[in-house]
Structures are given as structure tokens and as C-alpha cells.
Amino acid sequence: MDTLIIGAGLGGLFAGALLSKQGVRVTVLEKNPTIGGGLQNFVRNGEMYETGMHVAGGFGPGGTLNRLCTYLGITDSLDIVRSEIVSSVTFADSGHTYNLPAGYGAFTDYLCGLFPEQADGLKRYMDAVIRLSHEEKLFYLESGYQAHSEEFLMPADRFIAKYVSDAELQSLLAFPNTLYAGVAGHTPAYLHIMISALFIGDPCRFGSGSGYLADALKRVIEQGGGQVLTRRQVAKVTVCDKMVTSVTDCQGREYTADNYISAIHPLSLLERTEGRAFNAGFTSRLQSIPETASAFKVFVRLKPGAFKAPAYPVSVTDSCSNVWRRDGNWPHTANCFFSGSHLTVFCLMDFDEVRQWENTVSGHRGHEYESWKKKRTDSVLELVEKRFPGLRNMAADIFAASPLTFRDWYGTKNAGAFGYSKDCDNLMLSQIPVRTKVGNLFLTGQNVNMHGIGGVPMTAIETVQAILGENSIVDDIKQIK
């Protein structure tokens with residue numbers, strides 16, 4: 001049985017590796033010269049930078065990602081660096097800095113010591129995070145289905161406020177917000193819960209760059225007799241009688257397989273599909289789902305010996321009252337990730353900021369765009385310097401990437417950093433199944449279920465099991481402790 005996968009991002013590579021492990025011959029087509037999607041690394045002036053996967057979790061002994069990668073035989077090839085600090089959070093207006101320790105117990109005890117009057121609520125909050133995270137069975141490689149509780153589906157900010165009343169503590173507990181682009185009153189608590197559980201329990205990063213995970217997954221596919229082909233942008237997916245019959249790339253090369261997996265944005269798949277594949281209702285629904293916010297990133301290469309970088313992420317927010325805000329005086333929050341002799345600063349940004357240049361190409365966007373980008377870069381660094389004064393004077397090189405860059409990297413319309421947006425008011429709108437109405441076409445990637453290192457590999461398992469049979473992968477991985 002052969003399977004062709006469109007897109008060599010995190011979802012496509014994990015699905016391909018899992019299928020290869022089960023004896024399926026896999027071909028992966030990737031439009032970019034580099035595989036990995038958000039795992040990609042790039043080099044500038046001899047320095048390697050990551051495009052997206054700056055933090056990770058679940059790679060410790062017994063962790064879900066550890067068990068999954070051990071099953072694939074790639075754990076030893078990954079340079080996983082553990083952190084004793086989940087994140088350091090600074091509120092610039094008050095000058096308060098909190099170094100949140102790793103581990104559920106240490107995390108809870110630290111905050112109880114700082115907010116003793118909130119101790120009871122804090123303990124119940126952390127118990128709720130752990131308890132509710134188990135409602136997502138696959139997250140812990142558990143079989144079966146569990147109906148979701150009201151708490152699991154309520155707005156994330158309301159979930160936090162249910163347990164603690166102190167405004168600064170509420171904002172502090174919302175520290176993972178920018179890892180899922182949360183919107184107050186709308187983003188469901190389960191995103192906050194799953195990401196909090198993952199990173200509080202086992203924070204880590206890829207010491208040698210996240211690209212090594214992409215390379216390791218590629219090797220699993222190749223060892224299984226498959227191939228991962230770059231610069232192979234898919235131009236056409238041909239469907240006949242509700243079955244994909246072939247895929248054609250932009251050079252006119254045709255590929256056939258028994259099954260097909262799309263790991264690209266669903267709208268990109270629709271644009272390339274010919275034949276009576278999807279009904280009008282499904283197409284209309286995909287087109288109506290909003291994406292999450294995009295991102296603006298500033299990359300800073302530091303002068304040798306100028307700065308002792310912390311070994312953990314640092315978040316700087318202008319005010320604890322602005323943790324959920326993106327409007328007004330941008331940016332409200334800057335997340336700093338340190339690696340080697342540089343740091344990457346990540347700020348959420350709506351695509352509308354760059355829409356006037358959406359029909360331009362990199363390197364030819366014009367003077368007005370470059371001036372805009374310089375102003376935004378200065379705004380980001382001004383906020384970061386609330387925590388690290390004089391940072392710009394310590395820099396050997398500073399450059400930035402806007403939502404247009406991420407749109408081109410990831411091949412999405414509005415460069416949503418975390419895929420489709422989830423909204424408590426209409427959760428069904430963004431629920432995309434891995435099976436389609438086309439019999440041999442399946443979906444995976446961050447727009448299906450959850451995004452990120454905790455969500456996309458789990459969706460890949462679900463996709464593969466839709467092809468091979470229920471629990472065909474989970475039962476094998478569960479044997480690994």
C-alpha cells in the first residue's frame with residue numbers, strides 16, 4: 001500500500017514516519033526547498049535561526065512525545081535541552097518579574113508563596129488543568145472517547161477567573177496565551193489547558209535546532225523505502241468518483257498512490273482539487289473559518305560576550321491588564337527565545353497590518369513597507385528593553401519577519417500562526433475531521449484539532465489510524481514506558 005502526502009511540515013512528516021513504521025511506502029511532496037514547516041531552520045551570516053518551534057514539551061521520560069519518538073527510533077538523535085524554568089514573565093508597568101518553575105508541584109508552590117490568599121484557588125486550578133487535560137485521550141496515548149465537560153469548553157480567561165480572583169495572578173496564569181493566540185471570551189479553555197499541562201510539566205527546547213526533528217522523521221520515511229521530495233509544489237489533485245486518482249506538481253509530474261494525505265492548509269487543498277470532491281456546504285464552511293493571528297518576529301544576533309542569555313523563554317507584557325489584547329498600542333506582549341548567540345522575539349500580529357502589501361514578493365515590497373517594518377521592529381525592541389535595558393546596543397545584527405514572510409513559508413492565506421481559530425461560541429465551525437468525503441483522501445496538520453508540538457503529532461496518529469485501523473498505532477506506542 002502506497003501513500004502520498006502533500007506537505008512536509010510537522011504533521012506530514014509525523015504521518016509519513018508513522019506509516020513507514022507500519023510498512024507503508026510513503027512519498028512526501030514539499031513546495032519549499034527545506035522541509036519542516038514550523039520546524040525549519042535558516043542560516044544568516046553563519047548563524048542558524050529557527051522559524052517557529054522555539055519551545056517544546058513532553059520529551060521527558062514517559063512523556064507522550066518521548067514515547068512517540070522512541071517508537072519511531074529517533075529519540076537519541078534529538079538534542080533535547082530541559083529547563084527548570086517554564087517561563088520568566090515580566091509586567092513592565094509594575095516591574096514585577098516571575099520566574100515560573102517547571103513541574104506541577106513546584107509551579108503551584110511558587111505561586112502560592114507569592115499569592116498566599118489565593119493558595120486554595122491556585123491548587124484547585126492546577127488540579128483542574130491536570131484533570132481536564134485527560135479529557136483529550138490521545139494527548140496521553142489513551143484509547144476511547146470521553147465527552148467533554150463544560151469547563152473544558154468554556155472561554156479560557158473565564159476558566160482561570162473561576163479559580164483565582166487576583167487580576168495579576170489571572171494574567172500570570174495566562175502566560176501561554178501567545179502560544180495559541182487566545183482571544184478573551186472566545187478561545188476555549190481546552191487550548192489553554194493542554195498547552196499549560198504540556199509546558200508546565202516538562203518544558204524543553206531543541207538544543208541544536210528544531211530542524212533536526214524534521215531530518216529525523218525524514219530518515220524514518222526513507223528507511224521505510226519512501227522519499228521526501230522538495231521543490232515539488234502540488235498544482236492539481238484529480239478526483240473521480242469520490243476518489244483521488246492522481247496528484248500533479250507544478251512541473252507536470254504526476255504521482256499516484258492508494259491513499260493521499262493533505263498536510264497543507266485545507267483552503268490550499270481546495271484550490272488545487274479538480275473534480276466533484278467536496279460539497280458546497282463543506283467548501284463554504286472552510287472558507288468561513290477565521291485563522292488565528294499571525295506573527296511578527298525580530299531576530300537579534302548578539303555581540304560576543306555582550307549579554308548572558310537566560311536558558312528559558314522570557315515574556316514581557318506592557319501591563320498585566322493587556323495579556324489578552326492585540327489592539328491599540330502594539331505590541332502588548334513580546335516573547336523572547338534564546339538560542340546560542342541570538343534571540344528571537346515573537347509578537348502576535350493581525351494580517352490586516354500587512355494586507356496592503358499582500359500582492360508583493362519578498363525583497364520587492366517597496367520603501368513604505370521597509371519603513372513600516374523598521375518602526376515595528378523598534379516598537380518590539382523598546383518593549384523587550386523594559387526587561388533587558390540596552391539590548392540594541394548589544395546587537396551585532398537585527399532583522400525581522402512580518403506576517404507576509406510566514407504566509408510564504410507556510411502557504412496559508414492569512415498566515416495564521418496557529419491554524420484555524422477556535423471559538424467557544426461556535427466550536428463546530430472549526431472542527432475539521434481527518435476523514436473527507438473523498439474515500440482515499442485524509443487530512444492532517446495544525447488546522448485539524450490542535451496545533452503545535454503537543455497537538456499536531458497527535459492528529460497525525462489519528463490520521464494514520466483512519467487509514468490503518470483504530471488503535472493500530474496507539475496500542476504499539478503504549479507499550480513504551
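A residue is called buried when its relative accessible area is under 20%, exposed when that area is over 50%, and partly exposed in between. Glu151 has 10% relative accessibility and therefore counts as buried. The model discussed here is predicted.

**Salt bridges**
- The structure holds 19 salt bridges.
- One of them joins the side chains of Glu151 and Arg131, at 3.5 Å from N to O. This pair links distant parts of the chain, with Glu151 in helix α5 and Arg131 in helix α4, 20 residues apart.
- Arg131 counts as partly exposed because its relative accessibility is 47%.
- Arg131 and Glu151 also belong to a network of salt bridges that includes Lys162.
- Asp408 and Arg365 meet through their side chains in a salt bridge of 3.3 Å, N to O. Asp408 lies in helix α13, while Arg365 lies in the loop between β19 and α12, 43 residues apart.
- Arg365 is buried, because its relative accessibility is 7%, whereas Asp408, at 34%, is partly exposed.

**A buried lysine without a salt bridge**
- Lys297, in strand β16 (residues 294-302), is buried yet has no salt bridge. The nearest side chain of opposite charge, that of Glu50, is 7.7 Å away.
- The side chains of Lys297 and His54 are joined by a polar contact of 2.7 Å.
- A polar atom of the Lys297 side chain also lies 2.3 Å from the backbone oxygen of Thr51.

**A nonpolar surface patch**
- Val43, Met48 and Tyr212 make a nonpolar surface patch of about 300 Å².
- Val43 is part of strand β3 and counts as exposed, at 60% relative accessibility.

Key. Residues are numbered from 1 along each chain as its sequence is written. This is a predicted model: local features need pLDDT of at least 70, side-chain atom pairs count only at pLDDT 80 or more; totals for chains, interfaces and linings use all residues. Side-chain values use heavy atoms; hydrogens and water are left out. Patches are made of residues with over 30% relative accessible area and no salt bridge: like charges are joined within 9 Å, nonpolar side chains (Val, Leu, Ile, Met, Phe, Trp, Tyr) within 5 Å. Accessible areas come from the Shrake-Rupley method with a 1.4 Å probe; for residues, only the protein chains shown count as cover. A salt bridge is a side-chain nitrogen of Lys or Arg within 4 Å of a carboxyl oxygen of Asp or Glu. Helices (H or I, at least four residues) and strands (E, at least two) are DSSP runs, numbered from the N terminus. Buried means under 20% relative accessible area, exposed over 50%, partly exposed in between (1.4 Å probe, protein chains only). Lys and Arg count as positive and Asp and Glu as negative; His and the chain ends are not counted. A polar contact is a pair of N or O atoms within 3.5 Å; within protein, one must be able to donate a hydrogen and the other to accept it, and residues adjacent in sequence count only if both atoms are side-chain atoms.
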